[in-house]
Amino acid sequence: MKVALIGLGSVGRGVAEMIHKKNPGITITGIADSKSGLISNGGIDIAAVLENKRVNGICGEVGISATDVIKKAEYDVLIEVTPTNALTGEPALDYIRAALERKKHVVTSNKGPIALAYHELSALAKKNGVAFRYEATVGGAIPIMHTIEDGLSGNEILAIYGVLNGTCNYIITRMAAEGLTYEQALMEARELGYAEADPTYDVKGIDAAIKLVILVNTIWGNGIKLSDVDMTGIDLLTPDALRLAEEGDSTIRLIAEAIPRKKILRVSPRLIEKGHPLVLEGTLNALTLETDMAKEITLIGKGAGSIETASAILGDILYICNHYGKRA
Ligand code: HSE
């Protein structure tokens, strides 16, 4: 399988490193970052590109853009891992459209385009007979979409509840365990590299709400938008409120939930018993799926990180290899 990789930040580098290290029958024929690009239809020397990026800050030639790679390289799958823009989805949205229009499969970790244009992009993929996969957008390494579409495919999903933002979970954990202020805990989370470029997206619940929109549209296909989510963040959470909660057997977590039978679609800090499966420490994420046959299934794992996110992306590429039958 030949792939083009667009975006060489922490996730893109993780994907390139893992393809290089694991040699899973995937050849990179095009690569681009925000400043440069490279096309080699016989296969790119990944180690040399990563070294060039590390030393010179670029991955290829300055005269070659991401759009050039998408429109001109020979590949089967576009891996789109550029930074998220939740307001416009661009430039990722145009990259994805261009690849789908060329009848190329697309794998992305980019939340913006999926939250904004899921139906359009799915329809475009279907029309062109290609796959459009986005496992890495929700829950990092946790195989949520694979579980929904494969393992639970005979089930009706009745409700979902999750901890979908590692930054908020980290902040609450640190405030409770060490008595840190909200500001101190947020600074730590940013230093760890988990927060979004603009951490308001994390702490105001927007990132978790975007992930909830992606999940709800995937599961129920009802075309909801970010503005449909009732959203409260953790930015007003005080150490006193947390201490009060923790005096009993409870604590507070930022919970994203969708319960269609009760018309609930919200992200908010919730009082929750300490033994509950969604009470996780640090940057972990979790999702409980309430179903008719399997009853409750809770998936827990790393919600972000370079190699962890690469795990989800590789899973999507290999899914395409297995279902569309092509390895380099
Ligand atoms: N900022 C996000 C989080 C990163 O903290 O969960 C992963 O989407």
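The following legends describe close-up views of a predicted model.

Local features are reported for residues with pLDDT of at least 70, side-chain atom pairs count only at pLDDT 80 or more, and totals for chains, interfaces and linings use all residues of this predicted model. Residues are numbered from 1 along each chain as its sequence is written, and side-chain values use heavy atoms, with hydrogens and water left out.

**View 1. The shell of residues around the ligand.**
The ligand is surrounded by Lys111, Asn165, Gly166, Thr167, Tyr194, Ala195, Glu196, Asp202, Asp207, Lys211, Gly303 and Ala304; a residue is near a molecule if one of its heavy atoms lies within 4 Å of it. These shell residues divide into three nonpolar, four polar and five charged. In this grouping Ala, Val, Leu, Ile, Met, Phe, Trp, Tyr, Cys and Pro count as nonpolar, Asp, Glu, Lys and Arg as charged, and the others, Gly among them, as polar. At least two residues of the shell are supplied by each of α7 (166–178) and α10 (206–220). Helices (H or I, at least four residues) and strands (E, at least two) are DSSP runs, numbered from the N terminus.

One nitrogen atom of the ligand lies 2.6 Å from an N or O atom in the side chain of Glu196. For the side chain of Asp202, the distance between an N or O atom and a nitrogen atom of the ligand is 2.7 Å. An oxygen atom of the ligand is found 2.8 Å from an N or O atom in the side chain of Lys211. The protein covers 90% of the 260 Å² of accessible area that the ligand has on its own. A polar contact is a pair of N or O atoms within 3.5 Å; within protein, one must be able to donate a hydrogen and the other to accept it, and residues adjacent in sequence count only if both atoms are side-chain atoms. Accessible areas come from the Shrake-Rupley method with a 1.4 Å probe, and for residues only the protein chains shown count as cover.

The ligand takes up the space of the largest pocket. A pocket is an open set of points, on a 1 Å grid over the protein atoms alone, where a 1.4 Å probe fits, with protein on both sides within 12 Å along at least five of seven lines. A molecule sits in a pocket if more than half of its atoms lie within 2 Å of its grid points.

Thr137 is placed in the loop between β6 (132–133) and α6 (144–151). Because its relative accessibility is 2%, Thr137 counts as buried; buried means under 20% relative accessible area, exposed over 50%, and partly exposed in between (1.4 Å probe, protein chains only). A polar atom of the Thr137 side chain lies 2.7 Å from the backbone oxygen of Tyr134. His146 belongs to helix α6 and, at 18% relative accessibility, is also buried. The side chains of His146 and Glu135 are joined by a polar contact of 2.6 Å.

Most residues other than glycine have a negative phi, and most peptide bonds are trans. Glu90 and Pro91 are joined by a cis peptide bond, with omega about 0 degrees. Pro91 is in the loop between β4 (77–80) and α4 (92–101). Lys103, a residue other than glycine, has a positive phi near 65 degrees and is located in the loop between α4 and β5 (105–108). Lys263 is not a glycine either, yet its phi is positive, at about 55 degrees. The loop between β9 (250–259) and β10 (264–273) contains Lys263, which is exposed, with a relative accessible area of 76%.

Tyr170 is part of helix α7 and is buried, with a relative accessible area of 13%. Its C-alpha atom is separated by 14 Å from that of Gly233, 63 residues apart along the chain. Ala92, in helix α4, is buried, with a relative accessible area of 1%. The C-alpha atoms of Ala92 and Glu80 are separated by 7.1 Å, the two residues being 12 residues apart along the chain.

Definitions and conventions. 1 Å grid on protein atoms, 1.4 Å probe; cavity = no way out; pocket = protein on both sides within 12 Å on 5 of 7 lines; lining within 4 Å.
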